[in-house]
Amino acid sequence: MNSKPVYVLGSGAIGFPLAAYLARAGRPVVAVRTRSPHVPRGTVTVSVDDGAERVSAEVETVSLSGLGGLEGTMVVASKSYANPAIARELAGKAAKGPVVILQNGVGVEKPFLEAGFPTVLRCVLYATGQALSEHEFRFRPIASSPIGVVSGTQPDLQACVAALHTAPFPFHAEANIQREVWKKAIINSVFNSVCPLLEVDNGIFVRSEAAAGLALEVVRECLAVADRLGLGLSEAEVMEQILRISRGSDGQLISTLQDIRNGRPTEIESLNLEIARVAASLEPPVPLPRVELLGRMVLLKSLQRAGKGTRPAAG
């Protein structure tokens, strides 16, 4: 698999750094622009500052509509709301190879399973990125990011980890990926709601006892759902990770705040609002008043900033 290209679909604050590190490691990689349909095939210089050093790499890039005959590892690093369209286009191109989803949130793999891809893997990202310009990024790896099987085999998983892992952007295989998915979704339900609503950076939870207290309230609500699903998550481990991420990305803006400021849709419907939807579907339902309210407020804020008025939230 390592001899075949890695197609990084979604060339933003996570996708471009990943592509740059793979290119520097000498691996065949193509950064695929999913929102820009008329990007001619060419090469760009991508610069990444990871806090320890600044590196640059030449990365081949093209639009998704300009690709044909895809065969290789397809890494989905776009926003999760684009997944149905991306899955349809990949299926229409008869793309062959494993799909690795580098997104946070619950249920984001569903469009690719419905499109019939036999190998679908989930990656839980423990890294933050921020675009400084079109091809210049600030990137902070917090910890090695786990990848696990949703559909496929262990050899598929091991091959994909080997294809994607580099020292600056590390990955590892994870047997119980759904536990990790939910753990990170709960963490993101804190960061991706509180930080955008307060208009602050990720470090707020280590700087403010009040913010940390609100995070704890959100975590406790979410854990009521995780417990019903038998995921075995603890309050201590989730809060420890929140504070670790907050400390490690102090000064960094969460992607949802960046999206709102740029008038783009957010992924809040795959986070707070999807967790609330799952909670409401249980029997008996689990009430998540804080989680859902924060999610609805973020959705409303993003729609107002984008000038789109209001629309019903998912769930």
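## The second largest pocket

In this predicted model, the residues that line the second largest pocket divide into 6 nonpolar, 4 polar and 4 charged. The space in this second largest pocket comes to about 290 Å³, and of the 14 residues that line it, V106, G107, V108, P111 and S270 are the closest to its centre.

Two helices, α2 (83-92) and α3 (110-114), each supply at least two residues of the lining of the second largest pocket. The largest share of that lining comes from α3, which gives 3 residues.

Which residues of α2 are buried? They are N83, I86, A87 and L90, and because they cover an arc of only 100° around the axis, they lie on the same side of α2. The face of α2 turned away from this buried side carries R88 and G92, which are exposed.

The buried residues of α2 are covered by elements that include β1 (6-9), β5 (73-76) and α3; α3 is also the helix that gives the largest share of the lining of the second largest pocket. After α2 comes A94, and the phi of this residue is positive, near 55°.

## Strand β7 between two partners

Strand β7, which consists of residues 120-123, is covered on both faces: V120 and R122 are buried on one side, while L121 and C123 are buried on the other.

Strand β7 pairs with strand β6 (residues 99-102) in the parallel sense, over 4 bridges, and within this pairing L102 stands opposite C123 of β7. Strand β7 is also joined by 4 bridges to strand β10 (residues 145-151), and here the two strands run antiparallel.

## The largest pocket

The largest pocket has a volume of about 980 Å³. Its lining is made up of 46 residues, and among these G12, A13, I14, K79 and S255 lie nearest the centre of the pocket. The elements that give two or more residues to this lining are α1 (15-24), β8 (127-133), α5 (177-198) and α9 (255-261).

Which element supplies the largest share of the lining of the largest pocket? That element is β8, from which 6 residues come.

How values were computed
Residues numbered from 1 in each chain as written. Predicted model: local features only at pLDDT ≥ 70, side-chain atom pairs only at ≥ 80, totals over all residues. Heavy atoms only, no water. 1 Å grid on protein atoms, 1.4 Å probe; cavity = no way out; pocket = protein on both sides within 12 Å on 5 of 7 lines; lining within 4 Å. Points joined across faces, edges and corners; volume = space filled by probe spheres on them. Nonpolar A, V, L, I, M, F, W, Y, C, P; charged D, E, K, R; others polar. Buried < 20%, exposed > 50% of the residue type's maximum accessible area, 1.4 Å probe, protein only. Arc of directions from axis to C-beta. Contact = heavy atoms within 4.5 Å. Pairing = 2+ DSSP bridges.
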